[in-house]
Amino acid sequence: MIKGHFRKDFMWGAATASYQIEGAWDKDGKGQSIWDTYAHTEGAIEDGTNGDITCDTYHKYLEDIKMLKRLKATHYRFSLSWSRLLPTADSSAPNAAGVAFYNKFIDGLLANNIKPCVTLYHWDLPQCVQDKGGWQSEDVVEKFKEYADFCFSQFGDRVKLWVTINEPHVQCGFGFGMGIHAPGIKDPMNACYQVSRTMLLSHAHTYRMYSSKYRAKQNGLISITLNSDWCEPKDPSNPDHVKAAQFYIDATLGWFAHPIFKDGDYPDSMKEHILEMSKAQGLKNSRLPVLRTYDFFGLNHYTTRLAEQITDETQAFAIHPDMPSFWLFIVPTGLRKLLNYISKTYGDPSIIITENGCSTKHSVNNPGDTKQLEDEQRCRFITSYLNEALKAHLLDGVDLRGYFLWTLMDNFEWAAGYTERFGLYHVDFEDPARTRTPRKSAATFTKIIEENGF
Ligand code: PNW
């Protein structure tokens, strides 16, 4: 542990996403999204649940604001529901109730001195866009731009921090490769790559549109949020392991980060792969759009892995009985290494950690305590990861600007339903009032915010 402080203007917040918290899935003119469809499909979600009501933030948003205030957050990252705002994905026919909801919410945050960080797209594509090919169709790029334009015009006077797309990698992998997230397509050889391309293009066009149409007037920052694990060779003296670890990072982070943050091109290993794919599809050239469209690097980071071989499953560190998310292993030092890697590889961008956090299921020590208000492990997670972030900033000179903890309160954890809980606040989903109760980790986080470090 080191002592020290983050920047004076450091952004401190929590993060959430519309489908995971809002509920009111069919209220007041909202259209359906692919997550409404997917979660309503028999067998799709581990515990058979869905986000129909979830935290009911649509009706209880004032409570959420109070919770953020109590945390002493300076910022709050949340996402807009495209289908709530534009039920037919047509910006000339907006849903007034949806616009009013987000206006009230944004105004409420600002009245409490909490600045909004708005994600335009956190996985809930309107079903009507999906029906016309969704992310697998080139048309989505224009549709996304139209939606983004609408959001900037409605909210950009007050929102100064925008994230276009959350974690394209997870969406490509889970939604179009493995088929365990909406829209549930299992096509790792093709759909995955088509979608990565339309997502990158949607981001890039939106970034350019913001710059030409809104930046001078609204003066905000806009970028994308990418997720990445850190990955190390299991045996650093074995060249195969070294190569495998680098490939893992290329194929997670580099796939999206190289085109945007580096040179408008994919990592070599990805290029070779996509060129092969393109040829196999009968194209003459590889499909490599020139990008470089960012104001900051939005990073979602949770875990670290060990690599041996490119073809092998990448290994995890020790499995902890209290960690129910199959992909999440607590390795705080990986965050410092990843921050340094990004800083070096992508020309020292300003980095905002847009998500970092950990889950709990049943307390091993106290199995009856599903609330787990004494969430010691989460307290240790937050303290140790943030201290590594501080080292990256103070000792290594990484330009770190903010940190958003995932997540403000327990919510619908995608395919895992409500079986995995990431919240600083416990939410009682049995209770119609969806009562929120702070866990010990909320106080731990607040203390670090108050000290702006350690
Ligand atoms: C993120 N992985 O998803 C999402 O942005 C959140 O909506 C989600 O609730 C949160 O993390 C916790 O899961 C991820 O397999 C899902 O490495 C999977 C992975 C990473 C992030």
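Guide: Before we start, one term: two residues are in contact when heavy atoms of theirs lie within 4.5 Å. Also, this is a predicted model.

Visitor: Okay. Which residues does Arg158 touch, leaving out those up to four places away in sequence?

Guide: Asn103, Ile106, Asp107, Leu110 and Pro116. Arg158 itself is in the loop between helix 7 and strand 4.

Visitor: Is Arg158 buried or exposed?

Guide: Arg158 counts as buried, because its relative accessibility is 18% and the cut-off for buried is under 20%.

Visitor: What does the side chain of Arg158 reach?

Guide: The backbone oxygen of Gln154, at 3.0 Å. There's also a polar contact of 2.7 Å between the side chains of Arg158 and Asn103.

Visitor: Switching to rings. How many aromatic pairs are there?

Guide: The count is 44 aromatic pairs, with ring centres within 6.5 Å as the rule for pairing. Take Phe101 and Phe105: their ring centres are 6.4 Å apart and their planes are at 15 degrees, so this pair is stacked.

Visitor: Where do Phe101 and Phe105 lie?

Guide: Both are in helix 5, residues 96–111. They sit four residues apart, which is about one turn of the helix. Both Phe101 and Phe105 are buried.

Visitor: And what about the pair Phe152 and Trp162, stacked or edge-to-face?

Guide: Edge-to-face, because the planes are at 80 degrees, with the ring centres 4.9 Å apart. Phe152 belongs to helix 7 (residues 140–155) and Trp162 to strand 4 (residues 161–166), so this pair ties together parts that are 10 residues apart in sequence.

Visitor: Are Phe152 and Trp162 buried or exposed?

Guide: Phe152 counts as buried at 0% relative accessibility. Trp162 is buried too, with a relative accessible area of 0%.

Visitor: Which residue lies over the face of Phe101?

Guide: That's Arg84, at 6.0 Å from the ring centre.

Visitor: Which residues form an aromatic cluster?

Guide: One cluster is made of Tyr19, Trp35, Tyr38, Trp123, Phe412, Trp414, Tyr418 and Phe429. Trp414 turns up again at the ligand, as one of the residues that come nearest.

Visitor: Oh, the ligand! Which other residues come nearest to the ligand?

Guide: Gln20, His122, Glu355 and Glu413 are on that list with Trp414, out of 16 residues around the ligand.

Visitor: How much of the ligand does the protein bury?

Guide: The protein buries 95% of the 460 Å² that the ligand exposes when taken alone.

Visitor: New topic: His75. Where is His75 found?

Guide: In strand 2, residues 75–79. His75 counts as buried, at 11% relative accessibility. Its side chain makes a polar contact of 2.7 Å with the side chain of Thr74.

Visitor: What does His75 touch, not counting residues up to four places away?

Guide: Met11, Trp12, Gly13, Ala14, Ile114, Lys115, Leu161 and Phe404. As for Gly48, that residue is 27 places from His75 in sequence, and their C-alpha atoms are 33 Å apart in space.

Visitor: Now the backbone. Which peptide bonds are cis?

Guide: Here are two. The bond from Ala182 to Pro183 is cis, with omega near 5 degrees, and Pro183 is in the loop between helix 8 and helix 9. The bond from Trp406 to Thr407 is cis as well, with omega near 15 degrees. Thr407 is in the loop between strand 11 and strand 12.

Visitor: Last one: what is phi for Asn113, and for Asn452?

Guide: Asn113 has a positive phi of about 65 degrees, although it isn't a glycine. For Asn452 phi is near 50 degrees, also positive in a residue other than glycine.

Visitor: Which of these counts as buried and which as exposed?

Guide: Asn113, in the loop between helix 5 and strand 3, counts as exposed at 60% relative accessibility. Asn452, in the segment after helix 14, counts as buried at 15%.

Definitions and conventions: Residues are numbered from 1 along each chain as its sequence is written. This is a predicted model: local features need pLDDT of at least 70, side-chain atom pairs count only at pLDDT 80 or more; totals for chains, interfaces and linings use all residues. Side-chain values use heavy atoms; hydrogens and water are left out. Rings of Phe, Tyr and Trp (its six-membered ring) pair if their centres lie within 6.5 Å; planes under 30 degrees apart count as stacked, over 60 as edge-to-face and the rest as tilted. Helices (H or I, at least four residues) and strands (E, at least two) are DSSP runs, numbered from the N terminus. Buried means under 20% relative accessible area, exposed over 50%, partly exposed in between (1.4 Å probe, protein chains only). A charge sits over a ring if NZ of Lys or CZ of Arg is within 6 Å of the ring centre and within 35 degrees of the ring normal. A polar contact is a pair of N or O atoms within 3.5 Å; within protein, one must be able to donate a hydrogen and the other to accept it, and residues adjacent in sequence count only if both atoms are side-chain atoms. A residue is near a molecule or strand if one of its heavy atoms lies within 4 Å of it. Accessible areas come from the Shrake-Rupley method with a 1.4 Å probe; for residues, only the protein chains shown count as cover.
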